Amino acid sequence: MKADAILAVGIVVAPLVLCAAVAWAQESATKPSAMPVVPLKAASDFESITDQGKRSIALFEEAGKVLQHPRCLNCHPVERSPTQGDDLHPHVPEVAGGPANHGLPGMPCNSCHGKVNSMTLGDTVRSIPGDGHWALAPASMAWQGKSLGEICEQLKDLKRNGNRDLAKISHHMGTDTLVGWAWNPGAGRTPAPGTQKQFGALIDAWIASGAACPKA
Ligand code: HEC
Ligand code: HEC
């Protein structure tokens, strides 16, 4: 390339690089501090554990990184109101699950939560979460403040898990779109660890190894 051609390219490219750098600096300055994305081990990483019961528990503990992630916990509270953010603060504005977990009459969840995530124009709340089935998990499925062992026992209990056998639990975890939202939570939120597929595979391997639970 001739010297004048290099200079011409430089004149065009340099301001673009500068603009991108300024935009990036502004973006990082206004972004609320998000928690880091934690990696998730693959189900095959546990094959070396020969004791089946121990392998099953280890698989569930790995899946627990997802189950106890704020993206899941915020919708599985003990109180009948959802929470928000990585610190599980009370939902702003104050809302409640109501009679059918879809909100109180007059202010259902879907008056704000659409079928998909929507962007906002602001920096404080950068997006509003969305899904066609947005609702609060029923009280029997509350996970906040519970140990992983307690969550495990409750997940297997037909009386508390919406009458789902293990095959249905596997299907729900691996394919449900509301569960899947946790990996596509909208701008300004940290996604759950790994992918839904990886998480589904951990749950399947946990079931195949006897669905053992950590001590409560
Ligand atoms: C008046 C509007 C409004 C109503 C009604 C509403 N929400 Fe929200 N919700 C929001 C907004 C806005 C956000 C995003 C706030 C943020 O990210 O700081 C949000 C965030 C959330 C989050 C947090 C996601 C996360 O991991 O940070 C959950 C969970 C949630 N809503 C559940 C519900 C449920 C369940 C209902 C119905 C019982 C409901 N919301 C009703 C406006 C609403
Ligand atoms: C927007 C709220 C919301 C989010 C986010 C959410 N859930 Fe749920 N979850 C629900 C609701 C509502 C039900 C009840 C559905 C039913 O019984 O038909 C439910 C039920 C379940 C169940 C079935 C039974 C049981 O024993 O709890 C599982 C498993 C589950 N959720 C897993 C998850 C996981 C894993 C995540 C995060 C990756 C998650 N959920 C995120 C609302 C949510």
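Reader: In the protein chain, what share of the contacts with a separation of 6 or more comes from residues 24 or more positions apart?
Author: The model is predicted. Counting the contacts in the protein chain with a separation of 6 or more, the share that joins residues 24 or more positions apart is 61%.

Reader: In what order do the elements of the protein chain run from the N terminus on?
Author: The protein chain has seven helices and six strands. Written from the N terminus on, the order is α-α-α-β-β-β-β-β-β-α-α-α-α.

Reader: Which residues are in contact with A63, leaving aside its neighbours within four places in sequence?
Author: A63 is one of the residues with the most contacts inside the largest nonpolar core. Once neighbours within four places in sequence are left aside, the residues in contact with A63 are F199, L202, I203 and W206.

Reader: Is E47 buried or exposed?
Author: E47 sits in the loop between helix 1 (3-30) and helix 2. In space, E47 is 9.8 Å from L59, C-alpha to C-alpha, and the two are twelve residues apart in sequence. Because E47 has 10 C-beta neighbours inside 10 Å, it counts as exposed.

Reader: What share of the 216 residues of the protein chain counts as buried?
Author: The cut-off for a buried residue is 20 or more other C-beta atoms within 10 Å of its own. Of the 216 residues of the protein chain, the share that counts as buried is 23%.

Reader: Which helix supplies the largest share of the shell around ligand 2?
Author: Ligand 2 is surrounded by 25 residues, the closest being C72, C75, M141, N161 and A182. At least two residues of this shell come from each of helix 2 (52-67), helix 3 (70-73), helix 5 (166-175) and helix 6 (177-180). The largest share, three residues, comes from helix 5.

Reader: How do the residues of the shell around ligand 1 divide by class?
Author: Around ligand 1 there are 23 residues, with N74, P82, G103, C109 and C112 the closest. For the shell around ligand 2, the classes are 18 nonpolar, five polar and two charged. For ligand 1, the shell divides into 13 nonpolar, eight polar and two charged.

Key
Residues numbered from 1 in each chain as written. Chains lettered and ligands numbered in written order. Predicted model: local features only at pLDDT ≥ 70, side-chain atom pairs only at ≥ 80, totals over all residues. Near = placed C-beta within 6 Å. Helix = DSSP H or I, 4+ residues; strand = E, 2+ residues; numbered from the N terminus. Nonpolar A, V, L, I, M, F, W, Y, C, P; charged D, E, K, R; others polar. Core = buried A, V, L, I, M, F, W, Y, C linked by C-beta atoms within 7 Å. Buried ≥ 20, exposed ≤ 12 C-beta atoms within 10 Å, placed from the backbone. Contact = placed C-beta atoms within 7 Å.
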